[in-house]
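Hi everyone, thanks for coming. I'd like to walk you through a structure that may be new to you, so please have a look at it on the screen and follow along.

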Amino acid sequence: MGVNNRLAYYQALSGTLSLRKVYNFVMVEAAYLLSRIFRKAILAGKPWAASIEPTTSCNLRCTECPTGMQSLSRPGGNMKTDTFREILGKLSPDLIYLTLYFQGEPLLNPHFAEMVSIAHAQRVFVSTSTNGHFLNDKNVDQILKSGLNHLIISLDGLDQSTYEKYRVNGDFQLVIDGIHRLVAARKTKKSRSPFIELQFLVMGHNEHQMTQMREFAKTAGVDKLAFKTAQVYNFNAGSTVIPTLKEKSRYKQLPDGSWAMAKAIRNRCHRIWSSVVVTWDGKVVPCCYDKNADHQVGDLLKDSLAAIWKNRQYAAFRKQLLRSRSEIEICRNCGE
């Protein structure tokens, strides 16, 4: 699938680089390596990756998503274009990779394509993730014109019944039509971007469709298919969401019948050294598992990135992570 587009993906990524960004990348990665070796939070450079949240709104009610379950405890809203410009301006000198997504459905922000264009103009590689319900003619045209590099489309089933068990309120055929529309439009415009990736969360009710999903991805003309493990919030008691395929499950059942993470939680995390997550209203949190911004470490609408990156809250979080990551609640269900 999409060999030429895979090459275009890496060409676009390399095209964002500058001497400053490469130097910063090396400094960040070296600091992380030294931190792991000496078990001490050593910091150098600034984050080379970031996630920025366009909106907390979503049309679906996915059963293991805080937005879908309407359990987010922080205020919700849409990021304004001026807010995005200000935040990106503080990140972009060293930023290589931007994920324009955190919670919510990004295409529900009416200024989404404009945000992509702004980042693209600043030589930042831009990726996003969508549930695929808004890939209409207008949005597809705007996406192709915006310079979006990477588009992940979630598709967790190949019929309405299977699909809607997790993607509650979802319309399977609408997503399929959107995928075909995007692939066809990209071909018509003879464009190699965005790189189109289908993402299939493997769960107990859909794991039987994995082979069928591989065939669909080939015929649909997408560039990549990724089978991902599903996060289950209250996994201790087990869940029908957990697949029977051990290699596609984050969890394992213990002899006493309880459940635990399949992999041990190690006292390290690359994300905390290499990236930041910014909510729609400018709050900075350590990573994408902090859905409710319980570990807020700063506000990019008030402070500089340099001040936030090295402040006491961030330093304390990194120190605790290296000492005992399992004591941090948001880390207990992370597969890194």
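Let me start with a question: how many salt bridges does a search of the whole structure find? The search finds 11 salt bridges. Please keep in mind as we go that this is a predicted model.

Side chains of opposite charge can pair when their charged atoms come close.

Let's take R74 and E53. R74 forms a salt bridge with E53, and their closest N and O atoms are 2.8 Å apart. Both residues sit in the loop between β1 and α3, yet they are 21 residues apart, and the pair links distant parts of the chain. Are these two partners buried or exposed? R74 is buried, at a relative accessible area of 11%, and E53 is buried too, at 0%.

A second pair is K283 with D299, where the closest N and O atoms are 3.7 Å apart. K283 is partly exposed, with 22% relative accessibility, while D299 is buried at 8%.

Residues K145 and D141 both lie in α5, 4 residues apart, which is about one turn of the helix. Their side chains meet in a salt bridge, 3.1 Å from N to O. Of this pair, K145 is exposed at 62% relative accessibility, and D141 is partly exposed at 24%. There is also a network of salt bridges here, linking D141, K145 and K189.

The spacing of that pair brings up a general point. An α-helix has 3.6 residues a turn, so residues three or four places apart point the same way.

With that in mind, which residues of α5 are buried? In this helix, residues 137-146, the buried ones are N139, V140, I143, L144 and S146. They cover an arc of only 165° around the axis, which puts them on the same side of α5. What covers these buried residues includes α4, residues 112-121, and α7, residues 172-188. If you look at the face turned away from the buried side, you will find the exposed residues D137, K138 and K145. And just after the helix comes G147, which takes a positive phi of about 95°.

Speaking of backbone angles, a few other spots deserve a look. R39 has a phi near 55°, a positive value in a residue other than glycine. You can find R39 in the loop between α2 and β1, where it is partly exposed at 41%. R123 is another case, with a positive phi near 60° in a residue other than glycine. R123 sits in the loop between α4 and β3, and it is partly exposed at 43%. For the peptide bonds, please look at S193 and P194, which are joined by a cis bond with omega about 5°. P194 is in the loop between α7 and β5.

Next, the cysteines. How many disulfides does the count come to? The count comes to 0. Take C62: its sulfur is 5.8 Å from the closest cysteine sulfur, in C65, and that is too far for a bond. In C287, the sulfur lies 5.2 Å from the closest cysteine sulfur, in C288, again too far for a bond. Both C62, at 6% relative accessible area, and C287, at 8%, are buried.

Two more stops on our tour. On the surface there is a nonpolar patch formed by L17, V22, F25 and V26, with about 290 Å² of accessible area together. One of its members, V22, lies in helix α2, residues 19-38, and is partly exposed at 38%.

Finally, compare that with T83, in helix α3, residues 81-91. T83 counts as buried at 16% relative accessibility. Leaving aside neighbours within four places in sequence, T83 is in contact with W280 and L301.

Key: Residues are numbered from 1 along each chain as its sequence is written. This is a predicted model: local features need pLDDT of at least 70, side-chain atom pairs count only at pLDDT 80 or more; totals for chains, interfaces and linings use all residues. Side-chain values use heavy atoms; hydrogens and water are left out. Buried means under 20% relative accessible area, exposed over 50%, partly exposed in between (1.4 Å probe, protein chains only). Helices (H or I, at least four residues) and strands (E, at least two) are DSSP runs, numbered from the N terminus. The arc is that of the directions from the helix axis to the C-beta atoms. Contact means heavy atoms within 4.5 Å. Patches are made of residues with over 30% relative accessible area and no salt bridge: like charges are joined within 9 Å, nonpolar side chains (Val, Leu, Ile, Met, Phe, Trp, Tyr) within 5 Å. Accessible areas come from the Shrake-Rupley method with a 1.4 Å probe; for residues, only the protein chains shown count as cover. A salt bridge is a side-chain nitrogen of Lys or Arg within 4 Å of a carboxyl oxygen of Asp or Glu. A disulfide is a pair of cysteine sulfur atoms within 2.5 Å.
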